[in-house]
Amino acid sequence: MGDRELSRRGFLAASAAAGLGMTALSGCGGDSGGDSASGTTTIEWWNISTTEPTKSVWAALAKKFEARNPHVKLKIVQLENDAYKAKMTALTASGKLPDVFHTWGGGVLRQQVDAGLVEDLTGRTRPWADGLLPVAKEPYLLDKKVYAAPFDIGMVGFWYNKALFRRAGVDTPPTTWTGFLDAVGKLKAAKITPIALAGKEKWPGMYYWAYLAMRTAGIDALRKASDTKDFSDPGIVAAGAHLKELVQLQPFQKGFLGAAYSAPTGQAATVGNGKAAMELMGQWAPVVEADAGKGLGSDLGFFPFPAVEGGKGAITEVFGGGGGHALRRGAPQAAVDFLKFFASEATDLELVKKTGVLPVVPAAESGLSDPNTKAVQAQLKAATGFQLYLDQAYAPAVGQEVNDSVAALIAGSKSPEQVAQSITKTAKQEQ
Amino acid sequence: MTSTFLPGGRTGPDLAPPPPPASRGRGRRRRRTLNLLTAVGFQLPALVLFIGLVLLPMLFALYASFFRWGGFGMPSDLAGADNFTRLFQDPVFLGDLGRCLFLVVLSLALQLPFALAMAVLLNQRLRGRAVYRMLFFAPYVLSEAITGVLFSMVFAPGDGLADHVLGAVGLDGLGGEWFADPSTVMATLFLVMTWKYFGFHMMLYLAGLQSVPPELTEAALIDGAGPWQRFRNVTLPLLAPTLRISVFLSVIGSVQLFDLVWVVTQGGPDHHSETLAVTMFQYGFKRYQVGYASAISVVMFGICLVFSLAYQRFVLRRDLEGATTTMRGDGT
């Protein structure tokens, strides 16, 4: 759960996040409790946008919404990522959620829905939500009901160094697993480190296993495994075996088991400095590569995780996640209006241009300029299936066990079967 | 002194001069109550804080260790001793115990003797002695987090200072993957721990050495004792109380090691540097299995408690004689 989010936003946040969050809190403290007597509705909006430029862009959007709806006041509460998670867990236990709140969907949202705390938006967001990018809505669809409106979506794929690929004689990015292993072999033969991996942080390794499981067993099998708490599906075990094939080629940089993700000697920097040919990472990868290392500029390319021959999943199925806003059960109509405003083309275009998120409104694509971001967007738009980050989709203990046992597989101390067994065991322990 | 009649023989200031003999009995009782109240009054804040912030949480952790509990609301899903049986079947936890022992043994066998040697050396008349003392003590002042970040750069495989230095002197073969290799991670960690902590123990020993009376060493010298004999038979026995405290601190520190490991490796690669505290953190704050994490902390507490009590009973007894507060009074 925490790890990926922490690192992703951590680099953006620098150290200011917590302080800013507190400032925002204290700034909002004074004008709470809007007077409903005079017909003003106050809506509490909890989000995790504690960093610039998002922070001010969102504040300006709130002002704009207030100007259009004179009887509505928005009270923004901003918390830094991990603080937010802790606070929300406590609020869920107490049974009182804010009117509008940030959600990643998946296991945590399901918990809140099961507790009867979240408004079912299926009917109330029609028809405007129908126009949103289908894959972006996916994390918040539970039992075919809509529980949140997205504002951000992203996916994981391979970010590669075109120059290094050329030098190794790999002209086009591979589309099959065999082709991928071949490319790794060619890179090795050309004395280029094929892949950078942050072994210390575990979640980047999990991406390989998750994608392989999606390609071999299929998304439905993963969902079923999580529902029945049984991960022994042959396809899932096969995913581990495929990962082992890759590990046995020794494709990773020297000392990868101790490498962090965004540190100066970490995975992102290794790729960003041209010392490894690729990494499997989310849409934020180019930013971190340029931040922790030099960045690759126009040499940077993107290709989707290859398909596995004979597997049930297609290359067009994506693994990723994003952010959305859910409403507490019984939230006023103004809150729904706000979601509509936030998911409008004009707003999304502003978000895409100013805060660097990928568009959830297809028409807002015009705000994109970077070719790689466009490639990711194209992939998302054409997605035929979606799997949320496993550590968000599953209960925390199960998500951590996936990360942990896959890390053991990569380190060579667990077999593919043992990975499946460990995850199953942990899943069964959770109630 | 009149105050010796009070429990503990040390409580309370003398509030008034001794009253005249006629009313002595009543006055004494009043004074005693007054003193008791004063004592309670002064101790109450500390006591409340200790009970509220140390004792109750400890008891609660003990309670929680018998439940399957996610950390929110009150624990309700009773698990009996399940958490503990699961604990002792968990290879990571058993590995933690082994690694703990590894660190304790190495600390006692290498780190402390090294610190002692440095202390004896820096106790000699030596040019720039104060500078050396300061230099060796400096790492102790750094926080563990800073130390961790620093050394993950020094030992970065291939690119780090350590590899460059080894390469420069033609010892490339000795360079490895340091923290990234399961077979060298603990040794590297121990190296960093020694760098950080030997200065502290050295300071302890230096302070101890200052209190060794030079007459004794001189007397031994006159009796014809060599340097080793003087050290072995005069200095070391007189330094024993300091040594015993230093061993105690070192062992407890090894059992509770967390910050450094968390910053440098997070327990990896593949659990090969995980300590009890790291495992506890993983389960408590990453997996939200707080009941299980509590069980780990209870075991950790048990290890520290048993060790402390046994150590005090059998090893520190002589040093503590007369130092602890007893009800014995001064016998007047």
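What share of the contacts in chain B with a separation of 6 or more comes from residues 24 or more positions apart? The figure is 65%. Keep in mind that this is a predicted model.

I'll stay with chain B for a moment. Chain B has 13 helices and two strands. Its length is 332 residues, and 29% of them count as buried.

In general, two packed helices are described by the angle between their axes and the distance between the axes. Here the pair is H3 of chain B, residues 91-122, and H7 of chain B, residues 185-210. Their axes are 7 Å apart, and the angle is about 45 degrees. That angle makes H3(B) oblique to H7(B). The crossing of H3(B) with H7(B) is right-handed.

On the H3(B) side, the residues that meet H7(B) include B:Phe102, B:Leu103, B:Leu106, B:Phe114 and B:Met118. B:Arg99 and B:Gln111 are also among them. H7(B) brings, among others, B:Phe190, B:Tyr197, B:Phe198, B:His201 and B:Leu209. Sorted by type, the residues of this contact are 18 nonpolar, three polar and one charged.

Next, where the two chains touch. 20 residues of chain A are in contact with 20 residues of chain B. On the chain A side, the elements that give two or more residues are helix H4, residues 81-94, and helix H18, residues 396-411. H18(A) gives the most, with six residues. The chain A side divides into ten nonpolar, eight polar and two charged residues.

Last, a strand in chain A: E3, residues 100-103. Which way do its residues point? A:Val100 and A:His102 point one way, while A:Phe101 and A:Thr103 point the other way.

E3(A) has a partner in E1(A), residues 41-47, and another in E10(A), residues 317-327. With E1(A), E3(A) pairs in the parallel sense over two bridges. One of the residues to look at there is A:Phe101 in E3(A), the bridge partner of A:Trp46. With E10(A), E3(A) runs antiparallel, and four bridges join the two strands. On that side, A:Thr103 has A:Gly324 in E10(A) as its bridge partner.

To recap the strand: E3(A) is parallel to E1(A) and antiparallel to E10(A).

Technical notes. Residues numbered from 1 in each chain as written. Chains lettered and ligands numbered in written order. Predicted model: local features only at pLDDT ≥ 70, side-chain atom pairs only at ≥ 80, totals over all residues. Axes fitted to C-alpha atoms, helices over the stretch in contact; angles between N-to-C directions. Parallel < 35°, antiparallel > 145°, perpendicular 65-115°, else oblique. Left-handed = near helix turned anticlockwise from the far one by under 90°. Contact = placed C-beta atoms within 7 Å. Nonpolar A, V, L, I, M, F, W, Y, C, P; charged D, E, K, R; others polar. Buried ≥ 20, exposed ≤ 12 C-beta atoms within 10 Å, placed from the backbone. Pairing = 2+ DSSP bridges.
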